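Dear colleague,

I am passing on the structure we spoke about, together with some notes on what turned up when I went through it. Please look at it with the notes at hand.

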Amino acid sequence: VQRYYDFLLDEMIEYDKTDFRKLMEKYGLVEKPIYDAYYCVIAGRNPDPSPVSPLPFHALMSSQEFNYMYDQLIKVLGTINFFLFERKDYIVTLLPKELIQDPGKDLEPIFSTYQQLLGEQYQGIGISRAVPTEEVRQGYFQALKALSISRNNSRHEPCFYDDLGILQYFFDHSGQVDLTPLMALYREYVLPVVQYDQQHGGELFTTLEGYITYRCSPTAICKALYIHKNTLYSRLNKISQLLDKNLSDSETIFNVSLALKVENLIKAGMLEGGLET
């Protein structure tokens with residue numbers, strides 16, 4: 001088994017215009033076909049599950065362990081035409097787009113394989129968009145961002161970069177998601193309404209969603225929710241009191257709209273860990 005070491009990834013991510021095909025040719029490693037586009041799949045791991053590691057750095061896998069992982073992936077994919085890299089805290093796999101017709105379905109065996117092989121060390125999976133060879137670097141960083149969300153979720157469910165939505169814009173310079181502004185927005189503009197409904201069996205949250213969805217049009221909202229305009233105005237007045245906001249203000253409308261997107265991410269489990277912050 002050919003083991004491609006960290007230096008290849010180091011060089012690839014160091015320069016903005018690194019072409020994966022040319023990089024492999026540079027080091028004489030083109031023994032497999034290089035496809036036009038790849039998915040980058042990064043499985044996070046914690047090689048030393050103990051709270052305090054006696055080592056300054058995580059240890060890499062032995063050649064035997066790496067080869068076993070490589071062999072298991074061959075069995076799942078039915079081909080050797082992929083690339084496997086190891087870093088200290090995660091495993092990077094480049095999968096040709098041609099092998100993946102339906103990412104959500106076709107990558108599931110890969111996810112299961114990593115979860116089984118890594119066991120207690122498993123720390124989530126991030127998946128990039130399909131990127132051309134000259135943009136594999138961008139795919140690498142996309143997968144890392146998605147991995148950050150997967151790690152944040154208590155179930156460590158795999159996360160696709162395309163599913164991040166607004167989360168794509170909330171990463172710091174180290175590539176870690178900063179949930180603080182998102183959760184602050186959610187707590188200020190949505191949570192009071194959610195809590196009120198939970199305590200009183202109300203329909204304020206649905207009304208707030210309708211208010212944003214139908215662009216503040218009373219006629220459209222009432223038609224969609226099957227309510228009278230007087231009921232709508234009563235609910236909006238209550239929402240305004242709970243939030244201490246003017247729902248006619250354009251900035252308030254924008255913030256509520258964004259906070260509702262955060263609510264959807266929470267429901268999807270993508271911001272589960274953020275609720276504790």
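Predicted model: local features only at pLDDT ≥ 70, side-chain atom pairs only at ≥ 80, totals over all residues.

As an overview, the secondary structure comes to twelve helices and five strands, and 47% of the 277 residues in the protein are buried. Of the contacts between residues at least 6 apart in sequence, 67% join residues that are at least 24 apart. The exposed surface comes to about 14600 Å², with carbon and sulfur atoms supplying 49% of it.

Strand E1, which spans residues 37-45, is mostly covered, since nine of its nine residues are buried. In a regular strand the side chains alternate between the two faces of the sheet. In E1 both faces are covered, with Ala37, Tyr39, Val41, Ala43 and Arg45 buried on one side and Tyr38, Cys40, Ile42 and Gly44 buried on the other. Strand E1 runs antiparallel to E3, to which it is joined by seven bridges, and it also pairs in the antiparallel sense with strand E4 (residues 122-132), again over seven bridges. On the E4 side, Ile42 has Gly126 as its bridge partner.

Within strand E3, which covers residues 90-96, I looked at Thr93. Thr93 has a relative accessibility of 1% and therefore counts as buried, the cut-off being under 20%. Setting aside residues up to four places away in sequence, Thr93 touches Tyr39, Cys40, Val41, Leu73, Phe82, Phe83, Leu84 and Tyr114. With Tyr114 there is also a polar contact, side chain to side chain, at 2.3 Å.

The charged pairs come next. Side chains of opposite charge can pair when their charged atoms come close. A search of the whole structure finds seven salt bridges, and three of these are described below.

One of them is formed by Glu86 and Arg45, whose closest N and O atoms are 2.7 Å apart. This pair links distant parts of the chain, with Glu86 in strand E2 (residues 83-86) and Arg45 in strand E1, 41 residues apart. Both Glu86 and Arg45 are buried.

Another salt bridge brings together the side chains of Asp162 and Arg129, at 2.4 Å from N to O. Here too distant parts of the chain are linked, as Asp162 lies in the loop between strand E5 (159-160) and helix H7 (180-189) while Arg129 lies in strand E4, 33 residues apart. Asp162 has a relative accessible area of 49% and so is partly exposed, and Arg129, at 36% relative accessibility, likewise counts as partly exposed.

A further salt bridge joins Lys245 to Glu188, with 2.5 Å between the closest N and O atoms. Because Lys245 lies in the loop between helix H11 (229-243) and helix H12 (250-267), and Glu188 in helix H7, the pair ties together parts that are 57 residues apart in sequence. Lys245 counts as buried because its relative accessibility is 19%, which falls under the 20% cut-off, whereas Glu188 is partly exposed, with a relative accessible area of 36%.

With best regards

Definitions and conventions. Residues numbered from 1 in each chain as written. Heavy atoms only, no water. Helix = DSSP H or I, 4+ residues; strand = E, 2+ residues; numbered from the N terminus. Buried < 20%, exposed > 50% of the residue type's maximum accessible area, 1.4 Å probe, protein only. Polar contact = N/O pair within 3.5 Å; in protein donor to acceptor, adjacent residues only side chain to side chain. Contact = heavy atoms within 4.5 Å. Pairing = 2+ DSSP bridges. Salt bridge = Lys/Arg side-chain N within 4 Å of Asp/Glu carboxyl O. Areas by Shrake-Rupley, 256 points an atom, 1.4 Å probe, with all protein chains shown as cover.
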